[in-house]
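Please read the numbered points beside the display below.

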Amino acid sequence: MRTGIPGLPSAHPIGEQLPAVYAEDRFVRGFTGALDEVLAPVLSTLDNFAGYLDPGVAPEDFVGWLAHWVALRVDESWSPAQLRQLVTRSVELHRWRGTRRGLAEHVGLLTGGVVEVTDSGGVVASPTPGAPLPDPGPAWVQVLVRVPDPARVDRRRLTAAVVEAVPAHVRVAVEVVEG
């Protein structure tokens, strides 16, 4: 089985780096030429490694790996363009994780819609020192998504993504409307 890529030239031919005494030998030239053919894809990958780390130009199958590297759980329903955009913005999304802004941006990237997030807040206080804290009630978050065609949004998957993005004790409500 042949593992090389036919016709892919080596950017660094071994034969050209040999001392003259070996470079003139036909067997050595043939042997190093065969090595060049096997090593050309490896050297090409290494020479273009920066491109593999850029989700905008990385091969489509490699973008899924990049998603795992940046702790992004991949949903098979995402289009390749959505996945590239999510991976590209993942650092910023992680920076805002757990906030209204972060949740709104994440849902916006998933749906392409306009997102409004309201929540119960997270701080309670008492004006009297030593007094028991007031009961804030259960924590909740409501996500309203406005999209041109609500039927194209998988509500179950969207709700799962929101549940994953908020603390475990927070109640989640997701509504997708036309707008």
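**Notes on the predicted model**

1. Four aromatic residues, Tyr52, Phe62, Trp65 and Trp69, make up one aromatic cluster. The model is a predicted one. Across the whole structure, a search finds five aromatic pairs.

2. How are the rings of Tyr52 and Phe62 arranged? Their centres are 5.2 Å apart and their planes stand at 80 degrees, so the pair is edge-to-face; the angle required for that class is over 60 degrees. This pair links distant parts of the chain, with Tyr52 in helix α3 (residues 49–52) and Phe62 in helix α4 (residues 60–69), 10 residues apart.

3. Phe62 also pairs with Trp69. The ring centres of Phe62 and Trp69 lie 5.6 Å apart, and the planes meet at 85 degrees, so this pair is likewise edge-to-face.

4. Which members of the cluster are buried, and which are exposed? Phe62 has a relative accessibility of 13% and therefore counts as buried, the limit being under 20%. Tyr52, with a relative accessible area of 23%, is partly exposed. Trp69 reaches 52% and so counts as exposed, since the class begins over 50%.

5. The next point concerns the strands. Strand β2 (residues 140–147) pairs with strand β3 (residues 171–178) in the parallel sense, over eight bridges. Within this pairing, Trp140 stands opposite Arg171 in β3.

6. Turning to charged residues, a search of the whole structure finds 10 salt bridges. Side chains of opposite charge can pair when their charged atoms come close. One of these contacts joins the side chains of Arg157 and Glu76, at 2.9 Å from N to O.

7. What else does Arg157 meet in a salt bridge? Its side chain also contacts that of Asp154, at 3.9 Å from N to O, which falls within the 4 Å limit. Asp75, Glu76, Asp154 and Arg157 are linked in a network of salt bridges.

8. Arg157 is partly exposed at 24% relative accessibility, and Asp154 is partly exposed with a relative accessible area of 36%. Glu76, by contrast, is exposed, with a relative accessible area of 66%.

9. A further salt bridge is formed by the side chains of Arg101 and Glu92, at 3.7 Å from N to O. Arg101 counts as partly exposed at 40% relative accessibility, and Glu92 is partly exposed as well, with a relative accessible area of 26%.

Methods. Residues are numbered from 1 along each chain as its sequence is written. This is a predicted model: local features need pLDDT of at least 70, side-chain atom pairs count only at pLDDT 80 or more; totals for chains, interfaces and linings use all residues. Side-chain values use heavy atoms; hydrogens and water are left out. Rings of Phe, Tyr and Trp (its six-membered ring) pair if their centres lie within 6.5 Å; planes under 30 degrees apart count as stacked, over 60 as edge-to-face and the rest as tilted. Helices (H or I, at least four residues) and strands (E, at least two) are DSSP runs, numbered from the N terminus. Buried means under 20% relative accessible area, exposed over 50%, partly exposed in between (1.4 Å probe, protein chains only). Two strands pair if DSSP finds at least two bridges between them.
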